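Could you walk me through this structure? I am new to it and would like a friendly guide.

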Amino acid sequence: MNEKITVGIADMKMLKGSGVLITYALGSCIGLCFQDPALHLGALLHVMLPMNMETGRKNPLKYADTGIRETVRQMTAQGALKSRITVKIAGGAKMFEVSGGSLGNIGQRNIESVHTILKQEGLRLIAEDVGGKVARTLLFDVASGQGCIRSYGRQDVFF
């Protein structure tokens, strides 16, 4: 049976060879599946916020900018080549209606930040399931590189 490892909020886990990484409660958060297919090395990152404005950067995995860079750093330390790494993303939903505030759609801000950082880092985004108003559970099979998104009231989405 395939090993299943849970990735928490503001967390990242990496597997080599086989196994499934899973993260829950992707509302406005974004889940990112990274894979170097030549090494069968994969990582799943669960970010909460678009940019790290925190002094001292206590948890870089909480933010899209520092989380993506830290994940790539750890993957390349395991032998991954940045040029081979592909990325799939899910999440960024608008979970709550907030009136009169710039924080209203954190999900959309997360999506935009992830797109920007991936482009800046030269990483290839090959699939996404983002936006909407539904929370997602994301499963990532490291060996095949296939992701599966489960949401209440929706068919599973494979990407």
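Lys88 sits over the face of Phe159, 5.7 Å from the ring centre; a charge counts as over a ring if NZ of Lys or CZ of Arg is within 6 Å of the ring centre and within 35 degrees of the ring normal. This is a predicted model, where local features need pLDDT of at least 70, side-chain atom pairs count only at pLDDT 80 or more, and totals for chains, interfaces and linings use all residues. Residues are numbered from 1 along each chain as its sequence is written, and side-chain values use heavy atoms, leaving out hydrogens and water.

The largest nonpolar core has 22 residues, and Leu32, Phe34 and Ile68 touch the most other members. Such a core is a set of buried Ala, Val, Leu, Ile, Met, Phe, Trp, Tyr and Cys residues joined through side-chain atoms within 4.5 Å, where buried means under 20% relative accessible area, exposed over 50% and partly exposed in between (1.4 Å probe, protein chains only). Among the elements giving two or more residues to this core are helix 1 (64–77) and helix 2 (106–121); helices (H or I, at least four residues) and strands (E, at least two) are DSSP runs numbered from the N terminus. A second, separate core of 15 residues includes Val7 and Val142.

After helix 2 comes Gly122, with a positive phi near 70°.

For contrast, turn to Gln155, in the loop between strand 9 (147–150) and strand 10 (157–158). Gln155 is exposed, with a relative accessible area of 70%.
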